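Here's a quick tour for anyone just starting out with protein structures. Have a look at the model below, and then we'll walk through it topic by topic.

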Amino acid sequence: MKRKETQQRDANPKPFKKKIEDEPDWDEEEDPSVYDASDHMEPDLPVGGESTWARPAAPTLDPSKDGLCFQQMDIDYILGEPLEGMPGNQKGTVPILRTWGLTENGNSVQCNIHGYTPYFYIPAPSGFSENDCEPFRKMLNNRVASSTRDSVKVSDYVLEVSIENNFRSIMHYTQNRTVFLKICVAIPKLVPTARSVCESDFTWNGRSLSCTTYESNILFPLRFMIDKGIVGASWINLKAGTYRMTPQDKRTTNCQIEVDASFDMVEAHAPEGEWSKLAPFRILSFDIECAGRKGVFPEAEHDPVIQIANVVTIQGEATPSIKNVFNLRSCSDIVGAQVLAFEDERELLRKWRRFVVEVDPDIIIGYNIANFDFPYLMNRAKHLKVDEFPKLGRVKSAKARVRDTTFSSKAYGTRESKETSLDGRVQLDILQAIQRDHKLSSYSLNSVSAKFLGEQKEDVHYSIISDLYNGSDDDRRRLAVYCLKDAVLPLRLLDTLMITYNYIEMARVTGVPISYLLARGQQIKVVSQLYRKAKQMNLVIPVIKSAHHAEDSFAGATVLEPQRGFHQEPISSLDFSSLYPSIMMAHNLCYSTLLNKQDLSSLPPGSYVTTPTGDHFVKSEIRKGVLPIILEELLSARKRAKDDLKNENDPFKRAVLDGRQLALKVSANSVYGFTGATVGKLPCLAVSASVTGYGRDMLLLTRKYVEERFTKLNGYSHDANIVYGDTDSVMVKFGTNDIEEAIKLGKEAANYISEKFQKPIKLEFEKVYYPYLLINKKRYAGLLWTRAEKYDKIDVKGIETVRRDNCPVVKNVINTCLQKILIDRDVDGAIKYTKGVISDLLQNKLDLSLLVISKALSKEGKEYANKQAHAELAERMRKRDPHTAPAIGDRVPYVIIQAAKDAKAYEKAEDPLWVLDNNIPLDYQYYLDNQLRKPIERLFAPIMGNPGQLLSGDHTRTVFKPTPKQGGIIAFAVKQLSCLGCKAPLKNGETTVCRNCTDREAELYQNVLNNVSNLEKQFAKVWTQCQVCQGSLHQPVLCTSRDCPIFYMRKKVQKELGDVQQSLERFTIAW
Amino acid sequence: MGKRAASDNKGGLLALPTVAELEDTLTVKKHQRHAAEAEVSKQFVIEKRTFDNQYAEIYSHRLKILRPVVAQAAERKWGKDKIPVCEKLLQIKDQQECVVIGTLYKHMPLIRRVLDDFKEKSIPVPPPQNYTSDKDSLVLEDESGRTTLVGGDHLGISSLVTGIVVAVRGTSTTGGEFEAKEILFPGVADVPEPPSSKGEDKYVAILSGANVGGIDNDTLSLQLAIDFLSGQLGTEEQQRMMSNLQRVIVAGNSLSKLEDSTEFAAIQTNGKVSLRQQRHIVTPLRELDGLFTQLSSSVEVDVMPGSGDPSNYTYPQQALNGCLLPMSTSNKSLNLSTNPYSCVINGVHFLGTSGQNVENIQRYVAGDDAMDIAKNTLMWRHLAPTAPDQLACYPFHSNDPFVMTSSPNVYFIGNADKFETTTVEDGRGGKVTVVMVPSFTKEKKIVLVNCNTMEVTTMSFQSSYKGLN
């Protein structure tokens, strides 16, 4: 939903806070304001010679003969004047829905939809008749008028009250219909006002009343889509003669085709068959560079935008159609990309805006554009007084604004972010999309690209950016190439992760506009489906005040006590597929089937079920629940999609289908959560508690069935044994040593047990773990087999780790150990390896990058309530060199160093580069005790008696003690050469060995030489790697990506080579 | 021709000299040798090694020197006015035929680099002997940027490697690639006129791959070769020939590689050396020291390090440290030199390596043998184009000592699999004699270059010692 604030367009630049949450705040729609017609008159854009920017020309349409069909990408609304000849309210301000999209040929379309009125329901007061409607409307109108604070230019607030006889409430099963009143109001904003009047009290027939309202908290555009059966990203059809072209002087947008239509003439194609296709939408990916001052993260008030790189692709085409870089100051050419140079930053910003408008992207993507690029550009433009810059959307006069939003959801956590509204363009910040769908230890573009695209990206620190910018044309070109790469990578991520497909399919499946998917939580998707389905069944949905009490919480899923240990026999894993959805379907659990206790007596016994939690639901023969129907549709649609996927060869269509089946799965699973979300839209604990209750019972029953049937008594070779079970899966040890047998028995057991449960509950055999390392509840690892010939992979649950406060060495050790234990079956090897790593750690032989811990610096050190290691370090680094110290928003990498005995933990963090330069000893014991100990002990506990022995013993005896370069007693030490053989002080004239060791000189020399050679080898490896990564042999490597695994290695090898070279030279001098 | 010499000499090399005989020959020199005029170049000597630098400067310098060379070659070949030469890669004009000059980068997907070790789920695969594949592609680069070269098979991509400076004729495509028609190399640099022959034939001997301390080392044959070079063995004729031996070049791998031995691994991890290990390191050195002492007492010897010798890892390898060979280095006629090695001996320019440059290139080309590659390096005017990208190299400060500003008279590559020799012309009548010096361990041969005629012969030392048991 987009909001306009045209009236105070330039007045107050301060971003205002707005909460968008899963919690029920999204009914408080802000009012879009009426457009000022004088603002439309912007001269047409000059085409600037960049003929390739614009869309293909649109055909001239004759609405009386030509139909118009387009894929809509977003729907929002504005307030405006009623249009003559359209239905609905004809006086005062009316809401006009705007849908944005494009035709099959790639022409942009904006359709103004008129005549659709916001409404909601209340139960009619008793004895209400047709004649009461108008008096009731007047009463309500007056009440609403008096509670409306802002001036709203409407003649009537409440437009109409009518009686609806055909509805029931979705809550509880009853046979009787309730009489409802449908209350229509002038503009969407009045719905909440009217609702609170109804909820608090009103006077009717001399009685003071209050009532629950129904369907009064649904977003206006979504309400419209539900009523018209339009789902997100679907194709809209306007038949010839049902729409008109918006007259040129009334056109408000830059879209090629702008039309007006009545809401009842709008038709939508269900996104199936031919209509599942995608229009050739234009995707713009961009990235900006700013020239920051030394040591300060760029601020829009001070630091210019020096480059904007843009890449435009058209959906379905393999290569980008436009690639360019907007440059401040001249810049050498870039092969394959257009370079635009500007002397004036204002000019650059103006031109870029024109570029965006001309290219007219349907989707704008980038990496962290929501929180950085867009706000920065907007603030910069404001600072430079480039007034027209914010007009980036499709509405000619509308200026984009940056708002702070807080998004909080159980599933995704709380996240503060900024939102820049661009009318008619969908924004997709790849960073946010990845943060939602993937749990990673680092979300920097570097590490995300390394993970998903398999390539490292060089990282130029912003302190270098200014240097390059102030250099030659070639330097700026170099910068431009980075910038371009940063614009290309989001596109490649979009492609590789099929983000477009997944989002579009999710929008279609759940029925919400694409823009809701990123900005909102899971609930709106369920709401959209629930409303759609309820509407078909003439059910209306009450608005329930969320009231959360602690006692409302209910027992969750059950876990069977694990038999911890290293299971060397095959363990068959049996899983209930889609457990919670299938329970809801099997037992017909829904709002609409829930029985009130007092109604039980009126029903014949056997017509309802009693759940393990003591709640009652009618059986599906009496009435099928809405939720089970939604779930059935979702799951059968998923099955269809999966079947189609099997038969489809076209990679694009496959991508669509795969995106769809995934969306369907996620949606099905979120229904259960919706009923259990106590602060949600429509919580119903009777449903959710019953679901988990059934789940617990089923898990216990499964154990019983398996252990009763698969016994020696029944002719099986062993007694089966359940080693573990959690929520929807049980791990069975059938006792056999043969994988094939374990698979066979697994299938047999799955079929046998499935029979015992109500359909569609189904237990499936999925995989065999062999061997299986069961550490604890929710912590296990195993070698996974789905067929007897070859294992699939190592499957790890709950073991280390993607946690960022673990240094990489932990992950390395655990991964390698798991490989050795599970694949090689070499427990001794794993033990030996672990000891080796520990011994290397204590002797300073590990690569430093393995020991680096990092944390984001989110605020100044002083602002942290407690002293934090990384914040204190950042402060210290600033004192050393403000140029390279981390600024707010940076991640601060650090290592733990040895310090005085009573030093606080936060005093022991140090910059890894500083540590390298100054030979500062690391606190190896810290790494051993606080990083490695627990994961190692946990991992080895099921295997060996005393895992603690891994962390002590012979291999921990040799400990590296470097000579510090500064501080402490070293200031008073006098340097004297000592014999390289026996460490005896050397006499004058001797540089390498003492008299007694002359024999050993050649040997000692070779020792030193070996060190040098190994380091030289490493030096050559890492520095040539960086040349390859940066894609240039002729330019020096500038990258400072601390996420890169060889960054510290690169520094360390240079440093150590210098040191070792010195001792080597002592020999040269001698000769 | 070398083989003939080898077989001819067999008759004179049957007997094993006794210790007494050896001691005797050490002191008595039968033929008086004339000291040669020789000047060993300091081209590959690095006075003070520092590692603060990166590799970009090497490429910049290489291009700076070779750009005018290929530019001229291009003008000669394609006509200055017909096809314009682009100053910078970035100034290529669309759709217009032109010549561009830059450093080649051959993208080879099979090459594993250090970052590949960090990729998740990567299973370490043993590195292939050869990294070529049909997915290899060429990129041309200069200071201003790079462009991908397309143009199919006729470019001969399989023989090309990263790091050579070339001129390319072609047209840029709309997609920003460069459709290459033809690739031109700097060509063989001018060969200096060798001195006109005067008097008796003079010889330079080249020996490589002595491999002392190695398991497959044949001590006896080596001793025979040393004796021969010292003028102690052979027929009268041969001994007279040896009296005209100007110099012996030891082209690397005098010691066996230690890297694979278990002792070596133990040293790597503990840093402590047991007596036994110490002996392993030092014994072959002592032996070598003895051989060099013997040899250098009668002839000037230049010792180049090779991949197995205790010198630094990066190219160019610096001279061995005197402390490794305390006895022989006290002899002034033993020169510890660099690898590569450049020396003018009696007016004849010798340039050679211990073999790493060619061996390294061999992994990145398909179908070319060592001799083809050696000839190519002359044509590329560069000893080791794959340094620093693949051949580990010292990060030079604005310098690239491997560029051949002129061609040598004799160009030798040590530690080759087999002996081979040929000549390459510089286009102005000058000839480079290219010699693949076989590893002594493999072929038991030393190479003799006649400095007057540039004729190359070999001498075999197949001892009958093996037959004794």
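Which strands of chain B does helix α9 (residues 370-379) lie across? Helix α9 of chain B lies across β13 (410-416), β14 and β15, and the helix runs at about 140° to β15(B). Keep in mind as you read on that this is a predicted model.

**The sheet under that helix (chain B)**

- The strands β13, β14 and β15 belong to an open sheet of six strands in chain B, in the order β1-β11-β12-β13-β15-β14, and the pairing is mixed.
- At the edges of this sheet you'll find β1 (38-40) and β14 (420-425) of chain B, each of which pairs on one side only.
- Going from one strand to the next in this sheet, the twist averages 20°.
- As an example of who faces whom, Glu425(B) stands opposite Lys431(B) in β15(B).

**Chain B as a whole, and one residue inside**

- Chain B contains 10 helices and 17 strands.
- Chain B has 469 residues, and 58% of them count as buried.
- Look at contacts in chain B with a separation of 6 or more: 75% of them come from residues 24 or more positions apart.
- Now pick out Gln318(B), which sits in the loop between β9 (301-304) and β10 (334-336) of chain B.
- Is Gln318(B) buried or exposed? Its relative accessible area is 13%, and buried means under 20%, so Gln318(B) counts as buried.
- Leaving out residues up to four places away in sequence, Gln318(B) touches a list of residues that includes Phe44(B), Val45(B), Ile46(B) and Arg49(B), as well as Pro305(B) and Thr338(B).

**How chain A is divided up**

- The domain assignment of chain A gives domain 1 (64-279 + 522-543), domain 2 (282-497), domain 3 (544-796), domain 4 (802-815 + 825-844 + 922-973), domain 5 (853-912) and domain 6 (977-1066).
- Taken over C-alpha atoms, the centres of domain 2 and domain 3 of chain A are separated by 44 Å.

**Sheets and strands in chain A**

- Chain A has an open sheet of seven strands with mixed pairing, in the order β11-β12-β4-β3-β2-β10-β13.
- Its edge strands are β11 (243-245) and β13 (267-269) of chain A, and each pairs on one side only.
- The twist in this sheet averages 40° from one strand to the next.
- Strand β2 (residues 68-80) of chain A runs antiparallel to strand β10 (residues 235-238) of chain A, and four bridges join them.
- One bridge to look for: Cys69(A) has Asn237(A) in β10(A) as its partner.
- Elsewhere in chain A, strand β18 (residues 363-366) pairs with β21(A) in the parallel sense over four bridges, and Gly366(A) has Asp429(A) as its bridge partner.
- In a regular strand, side chains alternate between the two faces of the sheet.
- Strand β21 (residues 426-429) of chain A is covered on both faces, with Val426(A) and Leu428(A) buried on one side and Gln427(A) and Asp429(A) buried on the other.

**Two helices that pack together in chain A**

- Helix α8 (residues 462-469) and helix α9 (residues 473-496) of chain A pack at an angle of about 140°, and their axes are 7 Å apart.
- That makes α8(A) and α9(A) oblique to each other.
- The contact is made by Ile465(A), Leu468(A) and Tyr469(A) from α8(A), and by Asp475(A), Arg476(A), Leu479(A) and Tyr482(A) from α9(A).
- Sorted by class, this contact has five nonpolar, no polar and two charged residues.

**Backbone spots to check in chain A**

- Lys759(A) and Pro760(A) are joined by a cis peptide bond, with omega about -5°, and Pro760(A) is in the loop between α17 (739-756) and β30 (763-776) of chain A.
- Another cis peptide bond joins Tyr770(A) and Pro771(A), with omega about 0°, and Pro771(A) is in strand β30 of chain A.
- Lys385(A) isn't a glycine, but its phi is positive, near 60°; Lys385(A) is exposed, with a relative accessible area of 63%.
- Arg825(A) also has a positive phi, near 55°, and counts as partly exposed at 35% relative accessibility.

How values were computed. Residues numbered from 1 in each chain as written. Chains lettered and ligands numbered in written order. Predicted model: local features only at pLDDT ≥ 70, side-chain atom pairs only at ≥ 80, totals over all residues. Heavy atoms only, no water. Buried < 20%, exposed > 50% of the residue type's maximum accessible area, 1.4 Å probe, protein only. Pairing = 2+ DSSP bridges. Contact = heavy atoms within 4.5 Å. Axes fitted to C-alpha atoms, helices over the stretch in contact; angles between N-to-C directions. Parallel < 35°, antiparallel > 145°, perpendicular 65-115°, else oblique. Nonpolar A, V, L, I, M, F, W, Y, C, P; charged D, E, K, R; others polar. Domains from an automatic or database assignment.
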